[in-house]
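Student: I have a new structure open and would like to learn how to read it. Could we go through it feature by feature?

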Amino acid sequence: MPQSKRVMVTGGAGFIGSHLCDRLIDLGHDVLCVDNFYSSTKSNVAHLLGHPRFELMRHDVTFPLYVEVDEIYHLACPASPIHYQRDPVQTTKTAVHGSINALGLAKRTKARILLTSTSEVYGDPEVHPQTEDYWGRVNPIGPRACYDEGKRAAETLFFDYWRQHELDIKVVRLFNTYGPRMHPQDGRVVSNFVVSALADEPLTVYGDGSQTRSFCYVDDIIDGLVAMMASSREVTGPINLGNPGEFTIRELADLVVELSGSGSTLDRRPLPVDDPTRRQPDITRAREQLGWAPTVELREGLERTIEHFRTIVG
C-alpha cells in the first residue's frame with residue numbers, strides 16, 4: 001500500500017473523474033472530488049458518498065479554492081461537443097481560469113499537479129499518427145475552438161508555471177475514451193451509437209463514415225493517469241494516452257449493432273465543421289516513460305459499455 005495522500009480531483013464526478021476517484025480510494029488515498037455538475041452527475045460518485053476517505057464538494061473551478069492537498073488531478077472542463085459548445089465562453093473560462101486557479105493552489109501547497117489535456121490540441125492533423133511534438137492544426141475561430149484552444153492555453157499555463165515557478169507538473173493528452181458512466185446524451189460517438197442501437201433507432205453517421213478514431217477503454221486511461229502521477233519529477237509530458245488501434249466510424253457502428261443485437265440502420269448526415277478526419281495516438285513516449293499501454297480491446301470494452309447502458313436506458 002503506497003503512502004496515503006490528500007488528492008484533489010477537479011471534475012471528479014464526470015465520466016473519467018469518477019473512475020479515477022474509485023481507483024484513488026482503492027489505493028488508500030483521501031480524495032476530495034470537486035465538481036460543479038455542469039456536464040456530470042452526482043450519481044457517478046453516489047456509491048462513494050459514505051466512504052470515510054471521500055469528500056464531495058460542489059465548486060466551480062473558475063473561482064479559487066482554498067484547501068490543503070498533496071496532489072491535484074485537474075480534469076474539470078466540459079469535454080463533449082454538445083456540452084462545451086452550449087456555453088463556449090464558459091468553456092474557455094473553465095480551461096483557462098480553472099487552470100490558473102488549480103496551478104495557484106498547487107504552487108501554494110507545493111502539490112504535484114496533472115492536467116488532462118486532449119487530442120483535440122492536434123485539431124485536424126496533417127501528421128499521422130499524432131506524436132507529442134506535433135503542434136497541431138486548429139481553427140482558432142471555429143465552433144470547436146473554445147475547447148481546442150482552451151486546452152492548448154491550459155498546457156501553456158502549466159509549462160509556464162513549470163518554467164517560472166518550478167512547479168511539479170504533469171500533462172497528458174487523452175484520446176477518445178469510452179466506458180461505463182458516459183453521459184447518454186453527451187454527443188460522443190460511442191454513447192450515441194450505443195443508445196441508438198439499444199433503442200433500435202438509426203445510428204447517425206456523419207459523412208461516409210470513413211473518418212477514423214482510436215478508442216481507449218476508461219480503465220486503461222485510469223492506469224495511465226495514475227502511472228503519470230507516480231512518474232519521476234523529470235517526466236512532465238505532454239504524453240499521449242490512448243489506444244493506437246484505428247477504426248473507421250463505420251466499423252464502430254457495425255460493431256455496436258452486432259454486439260447489441262440491434263436492428264438499427266445508418267442515418268448519414270453531413271460532416272460537422274472542423275471535425276477531424278483521422279485521429280490516432282503515437283504512444284511511444286507513454287510506453288518508454290511510463291511503461292504503459294492499453295490492454296482492453298475494442299470488442300471487450302464495447303461489450304462492457306453496452307451492458308452498462310442497458311441498465312440505464314433499458
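This is a predicted model: local features need pLDDT of at least 70, side-chain atom pairs count only at pLDDT 80 or more; totals for chains, interfaces and linings use all residues.

Tutor: Gladly. Let's begin with how elements are named: helices (H or I, at least four residues) and strands (E, at least two) are DSSP runs, numbered from the N terminus.

Student: What kind of peptide bond joins Gly237 and Pro238?

Tutor: The general idea comes before the case. Most residues other than glycine have a negative phi, and most peptide bonds are trans. Here, Gly237 and Pro238 are joined by a cis peptide bond, with omega about 0°. Another cis bond joins His128 and Pro129, where omega is about -10°. Pro129 belongs to the loop between β5 and α4.

Student: And which residues have a positive phi although they are not glycine?

Tutor: Lys110 has a positive phi of about 60°, and Glu166 has one of about 55°. You will find Lys110 in the loop between α3 (88–109) and β5, and Glu166 in the loop between α4 and β6 (169–174). Lys110 counts as exposed because its relative accessibility is 74%. Glu166, at 62% relative accessibility, counts as exposed too.

Student: What would a buried residue look like, say Thr94 in helix α3?

Tutor: Thr94 counts as buried because its relative accessibility is 8%, and the cut-off for buried is under 20%. Leaving out residues up to four places away in sequence, Thr94 touches Val61, Thr62, Ala76, Cys77, Pro78 and Ser99.

Student: How many salt bridges are there?

Tutor: Side chains of opposite charge can pair when their charged atoms come close. In this model the count comes to 22 salt bridges. Take Asp22 and Arg181, whose closest N and O atoms are 2.8 Å apart. This pair links distant parts of the chain, 159 residues apart: Asp22 sits in helix α1 (residues 15–26), and Arg181 in the loop between β7 (177–178) and α5 (189–198). Both Asp22 and Arg181 are buried.

Student: Where do Arg144 and Glu120 lie?

Tutor: Arg144 and Glu120 both lie in the loop between β5 (112–118) and α4, 24 residues apart. They form a salt bridge with 3.1 Å between the closest N and O atoms, and both residues are buried.

Student: Is Glu132 buried or exposed, and which residue does its side chain meet in a salt bridge?

Tutor: The side chain of Glu132 meets that of Arg285, at 3.8 Å from N to O. Glu132 is in the loop between β5 and α4, while Arg285 is in helix α8 (residues 284–290), 153 residues away. Glu132 counts as buried because its relative accessibility is 8%; Arg285, at 26%, counts as partly exposed. Salt bridges can also form networks, as the one linking Arg112, Asp168 and Arg233 shows.

Student: How do I read aromatic pairs?

Tutor: A pair of aromatic rings is described by the distance of the centres and the angle of the planes. The structure holds 4 aromatic pairs. Tyr122 and Tyr134 form a stacked one, with 6.0 Å centre to centre and 20° between the planes. Both tyrosines lie in the loop between β5 and α4, 12 residues apart. Tyr122 is buried, with a relative accessible area of 0%, and Tyr134 is buried at 12%. Phe159 and Trp162 form an edge-to-face pair instead: 5.8 Å centre to centre and 85° between the planes. Because Phe159 and Trp162 are 3 residues apart in helix α4, they are separated by about one helical turn. Finally, Tyr122, Tyr134 and Phe175 form one aromatic cluster.

Definitions and conventions:
Residues are numbered from 1 along each chain as its sequence is written. Side-chain values use heavy atoms; hydrogens and water are left out. A salt bridge is a side-chain nitrogen of Lys or Arg within 4 Å of a carboxyl oxygen of Asp or Glu. Buried means under 20% relative accessible area, exposed over 50%, partly exposed in between (1.4 Å probe, protein chains only). Contact means heavy atoms within 4.5 Å. Rings of Phe, Tyr and Trp (its six-membered ring) pair if their centres lie within 6.5 Å; planes under 30 degrees apart count as stacked, over 60 as edge-to-face and the rest as tilted.
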